Amino acid sequence: MSIVTQTTTTGENLIIQGQNFSLQGTIKVPGDKSISHRALMLGAIATGETIIEGLLLGEDPRSTAACFQALGAEISQLNTEKVIVKGIGLGNFQEPTDVLNAGNSGTTLRLMLGLLASQPDKFFTVTGDHSLRSRPMSRVIKPLTQMGAKIWGRKGHTLAPLAIQGQQLKGLHYHSPIASAQVKSCILLAGLMADGKTTVTEPALSRDHSERMLTAFGAHLDIDPETHSVTITGNSQLTGQKVVVPGDISSAAFWLVAGAIIPDSNLLIENVGINPTRTGILEALQMMGADISLENERIVTGEPVADLRVKYSQLKGCTIEGDLIPRLIDEIPILAVAATFAQGTTLIKDAEELRVKESDRLAAVASELTKMGAKITEFADGLEITGQTPLTGSMVESYHDHRLTMSLAIAALGSQGETIIQGAEAASISYPNFISTLQLIIDN
Ligand code: S3P
């Protein structure tokens with residue numbers, strides 16, 4: 001078993017020689033990406049000081065920090081365990097002298113748009129990397145426009161780069177056609193400065209970190225769990241808070257699957273956020289027969305947290321669909337890996353949103369795992385995976401997608417022979433220490 005990285009002219013290759021070892025040890029995963037973005041943003045628009053412990057120092061939150069610094073927030077000690085944000089207060093953004101760049105991060109761009117659109121008399125331009133410039137922005141531009149926003153962009157105002165002329169917005173009741181926390185959060189943030197009340201109703205519950213954190217910062221929210229509706233009252237002022245960011249369950253998912261598929265493994269993943277809107281991965285793996293237990297459950301600054309223990313067990317196929325999808329939306333690539341090690345068929349349905357993530361994740365997962373010997377059929381809204389197939393080390397591509405990179409690395413651990421993942425530097429978008437943690441658990 002060995003892990004080597006190699007720098008090439010186009011990026012980094014991660015070379016993994018799989019098989020014949022078990023994974024042991026205790027791991028800590030980096031801070032939750034969704035909570036990290038929100039802590040930086042709410043800290044920036046609050047009055048007073050916000051202290052963030054455990055912020056994810058990946059590329060995506062760094063993009064958020066850079067954008068809000070350009071908008072006037074003071075963010076200090078960014079590379080430490082205790083980040084300090086001096087807020088500028090709602091409506092006090094400065095007009096940046098340059099284009100705001102969200103990098104690879106959909107959360108940065110979509111949530112920030114809600115705030116920019118609601119700053120009267122100010123003008124902003126925003127863009128992102130190659131992937132983000134091809135991701136649909138109409139899902140937030142359309143409701144923002146109904147609130148009175150003025151936003152221009154490529155392809156009929158649907159793609160970044162975008163130009164925003166801030167306006168005094170008016171409240172709206174928006175029935176979102178998709179269960180998307182980015183859409184919900186964008187509209188709620190726009191509602192913070194809008195006249196009257198703003199409500200978002202979604203078809204199924206998406207992650208609720210914005211609702212929890214907005215409430216903690218002093219916003220007035222009404223939540224109707226029956227109808228999946230959230231209402232925010234305009235012109236509520238936010239006050240800086242202390243936020244302790246739990247470990248990211250989406251990052252823990254790689255180790256949960258690694259521990260479940262590699263014989264004799266036993267891993268403890270400490271301090272993982274187990275917000276029920278994010279724990280679909282635990283339910284799906286348990287449906288597949290995984291041996292996962294929760295230890296030391298507690299609440300940390302408004303978010304539930306636990307240590308997760310996973311032990312090897314023979315998995316079996318299952319069906320993943322409906323309301324479960326938004327609760328494990330980012331874990332489908334790694335679940336597809338688990339499915340290749342499971343006996344029988346795993347069916348993933350209602351997951352067409354994966355086509356507009358950092359890559360077209362349905363196509364990318366099907367293409368790269370097929371190269372390794374998996375039996376996968378791709379549908380418009382999902383995948384059918386027939387296991388258990390022995391995987392063989394191969395040359396595979398990251399598509400510059402962090403979650404695909406790490407999923408392929410876990411598949412490589414359980415494969416015969418050598419896998420080369422091209423473009424593996426993408427992992428640092430959400431998990432800067434992924435390769436060193438991988439090294440740690442195989443050396444134990
Ligand atoms: C996120 C919401 C999800 C998720 C993304 C992070 C968030 O996107 O896939 O990684 O922090 O709000 P959608 O809202 O587009 O489903």
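Me: Which residues does Thr 64 touch, leaving aside those up to four places away in sequence?

Reply: Thr 64 touches His 37, Leu 40, Met 41 and Thr 108. This is a predicted model, and Thr 64 has its place in helix 2, residues 59-70.

Me: How should I read its accessibility: is Thr 64 buried or exposed?

Reply: A residue is called buried when its relative accessible area is under 20%. Thr 64 is at 0%, so Thr 64 counts as buried.

Me: Let's turn to the domains. Which parts of the chain belong to each domain?

Reply: The domain assignment gives domain 1 as 2-31 + 246-443, and domain 2 as 33-241. Their C-alpha centres lie 29 Å apart.

Me: How many residues are in contact between domain 1 and domain 2, and what area do they bury between them?

Reply: On the domain 1 side 27 residues are in contact with 26 residues of domain 2. The two domains bury about 2100 Å² between them, with 48% of that on carbon and sulfur atoms. Thr 277, Glu 358 and Ile 429 supply 25% of what domain 1 buries against domain 2, more than any other three residues.

Me: What about polar pairing between domain 1 and domain 2: how many residue pairs are in polar contact?

Reply: There are 14 such residue pairs, counting those with both residues at pLDDT 80 or more. On the side of domain 1 that touches domain 2, strand 18 (303-311) and helix 12 (402-413) each supply at least two residues. Three salt bridges are also found across this interface.

Me: Which other residue forms a salt bridge with Asp 330?

Reply: Arg 403 does, with the closest N and O atoms 3.9 Å apart. Arg 403 sits in helix 12, 73 residues from Asp 330. Both Arg 403 and Asp 330 are buried, and Arg 207 is buried as well, with a relative accessible area of 10%. A network of salt bridges links Arg 135, Arg 207, Asp 330, Glu 358, Arg 361, Asp 401 and Arg 403.

Me: Where do Lys 371 and Glu 368 lie?

Reply: Both lie in helix 11, three residues apart, or about one turn of the helix. Lys 371 is partly exposed at 41% relative accessible area, whereas Glu 368 is buried at 1%.

Me: Now a helix as a whole. Which residues of helix 4 are buried?

Reply: In helix 4, residues 138-146, the buried ones are Arg 139, Val 140, Ile 141, Pro 143 and Leu 144. Among the elements covering them are helix 3, strand 9 and helix 6. Arg 139 also meets Glu 353 in a salt bridge, 2.8 Å from N to O. After helix 4 comes Gly 148, with a positive phi near 110°.

Me: Last, how many disulfides are there in the whole structure?

Reply: The search finds zero. For Cys 67, the nearest cysteine sulfur belongs to Cys 186 and is 14 Å away. Cys 67 is buried, with a relative accessible area of 1%.

Technical notes
Residues numbered from 1 in each chain as written. Predicted model: local features only at pLDDT ≥ 70, side-chain atom pairs only at ≥ 80, totals over all residues. Heavy atoms only, no water. Disulfide = S-S within 2.5 Å. Buried < 20%, exposed > 50% of the residue type's maximum accessible area, 1.4 Å probe, protein only. Domains from an automatic or database assignment. Contact = heavy atoms within 4.5 Å. Buried area = accessible area lost by both parts, 1.4 Å probe. Salt bridge = Lys/Arg side-chain N within 4 Å of Asp/Glu carboxyl O. Polar contact = N/O pair within 3.5 Å; in protein donor to acceptor, adjacent residues only side chain to side chain. Helix = DSSP H or I, 4+ residues; strand = E, 2+ residues; numbered from the N terminus.
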